[in-house]
Amino acid sequence: MNITAMYFSGTGTTKKMTAAIADELTEIKISQDKTTAGEKPGSIKAGIKPWQRAEDIDFTPPAARREIYRFTPDDLVVFGVPVIAGRVPNVLLKFLDTLQGGGALAVPVVLYGNRNFDDALIELRNILQDRGFYAIGAAAFIGEHSFSRILAAGRPDSSDMELSRDFARKLAGKIRRLGAAGLREAAPVPVDGADPIRPYYKPQDRNGNHINILKVKPKLHAELCSGCGICVSACPMGSVVQENPGQPPAPITGICIKCCGCVKKCPRQAFYFDDPGFIYHKEELEDMYAGIRREPDLYL
Ligand SMILES: Cc1cc2nc3c(=O)[nH]c(=O)nc-3n(C[C@H](O)[C@H](O)[C@H](O)COP(=O)(O)O)c2cc1C
């Protein structure tokens, strides 16, 4: 069995969690198999071959979403996306529709910024099932909110990582108990969320008026920029363009999903937002959710 972490991750929280679950799962399963008296590694009796960690598939860069990814029944994919407006990021839907699950096992994982994951996990689970995967476990973890440095700051933290290890241990136990055929029969794992899936979450002001941040884009303090180009490779939409190497990028005119990869990865903090609606929404999210600590939801 090949264990792959596959993720889209603007500011790295989804990457961190997805890769950690895949690492832990591989470690646990290998050591479990070694200690199973009289059985060869991989519990071949249960129809599952020995396990190895495959290379990550990071589909954050636009070029990676032009590839077709095909899996087989010998694969287990820990599949992560961030929650955007309570759903799977809609810019990914066309790409996700090209996945070839081929009977692989999958563990859908979403990272959300301490507000709510709404229907993102059930949507991701359903997409993976539709694409030929078997969703055998699922999780919603909390990641520092893309817009903020204080909302869920530093998460996933050491307590989240401990829970992710426990989740991986239990998942390995389920795999061992049910075997390949039993796992496929038991899929998809039940998760929270509505089906049919609800509309995208819409930010509102205190009077209930919709705040439209769709067209908002970050701006650049050109005098702070060293021209290093980190922002160019950080942008999942290919919208940060440096016309001359070593020079500040051009003003962003392409699609921006507000993932804040450019904002948070810039070593000189040269990017900023000045849109009043965006700033209001960010501050309101901080007011409402920075004082509470949500805990991960794990499904097996
Ligand atoms: C446009 C946008 C919308 C978001 N919507 C939500 C949301 O509905 N609920 C929530 O809790 N977090 C929301 N977030 C926060 C992200 O889900 C969270 O910060 C996540 O950890 C980011 O993952 P990454 O580090 O892999 O990019 C949103 C982030 C962005 C950029």
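Where in the chain is Met 237 placed? Met 237 sits in the loop that runs between α5 (230-234) and α6 (261-265), where helices (H or I, at least four residues) and strands (E, at least two) are DSSP runs numbered from the N terminus. The structure is a predicted model, in which local features need pLDDT of at least 70 and side-chain atom pairs count only at pLDDT 80 or more, while totals for chains, interfaces and linings use all residues. Residues are numbered from 1 along each chain as its sequence is written.

**Surroundings of Met 237**

Met 237 counts as partly exposed because it has 17 C-beta neighbours inside 10 Å; a residue is called buried if 20 or more other C-beta atoms lie within 10 Å of its own, exposed if 12 or fewer, and partly exposed in between, with C-beta atoms placed from the backbone. Leaving aside neighbours within four places in sequence, Met 237 is in contact with Pro 62, Gly 254, Ile 255, Cys 256 and Ile 257, a contact being a pair of residues whose C-beta atoms, placed from the backbone, lie within 7 Å. Met 237 and Thr 60 are 177 residues apart in sequence, yet their C-alpha atoms are 8.4 Å apart in space.

**The chain as a whole**

The secondary structure of the protein chain comes to 7 helices and 10 strands. Along its principal axes, the C-alpha trace spans about 65 × 45 × 35 Å, and buried residues make up 40% of the 300 residues. Among contacts between residues at least 6 apart in sequence, 76% join residues at least 24 apart.

The chain is divided into domain 1 (2-198) and domain 2 (219-274), with bounds that come from an automatic or database domain assignment. The C-alpha centres of domain 1 and domain 2 lie 30 Å apart. The contact takes 11 residues from domain 1 and 9 residues from domain 2. On the side of domain 1 that touches domain 2, the residues divide into 7 nonpolar, 4 polar and no charged; here Ala, Val, Leu, Ile, Met, Phe, Trp, Tyr, Cys and Pro count as nonpolar, Asp, Glu, Lys and Arg as charged, and the others, Gly among them, as polar.

Helix α3 (residues 120-130) is largely enclosed by the rest of the structure, because 8 of its 11 residues are buried. These buried residues are Ala 120, Leu 121, Ile 122, Glu 123, Leu 124, Arg 125, Ile 127 and Leu 128, and what covers them includes β4 (75-82), α2 (93-96), β5 (105-112), β6 (134-135) and β7 (138-142). After α3 comes Gly 132, whose phi is positive, near 95°.

Helix α4 (residues 158-186) has 29 residues, but its end C-alpha atoms are only 31 Å apart, short of the 42 Å that a straight helix would reach at 1.5 Å a residue; that expected span is 1.5 Å times one less than the number of residues. At Gly 179, α4 bends by about 105°, the bend being the angle between axes fitted to the seven residues ending there and the seven starting there. The buried residues of α4 are Asp 160, Ser 164, Phe 167, Ala 168, Leu 171, Ala 172, Ile 175 and Leu 183.

Glu 286 lies in helix α7 (residues 276-289) and counts as partly exposed, with 17 C-beta neighbours inside 10 Å. Apart from neighbours within four places in sequence, Glu 286 is in contact with Ser 148, Ile 150 and Leu 151.

**Backbone features in loops**

| Peptide bond | Omega |
|---|---|
| Arg 155 to Pro 156, cis | near 5° |
| Ala 187 to Pro 188, cis | about 0° |

Pro 156 is found in the loop between β7 and α4, whereas Pro 188 is in the loop between α4 and β8 (219-220).

Ala 85, in the loop between β4 and α2, has a positive phi of about 55° although it is not a glycine, and Ala 85 is partly exposed, with 16 other C-beta atoms within 10 Å. Cys 260, in the loop between α5 and α6, also is not a glycine and has a positive phi of about 70°, but Cys 260 is buried, with 21 other C-beta atoms within 10 Å.

Conventions
Two residues are in contact if their C-beta atoms, placed from the backbone, lie within 7 Å.
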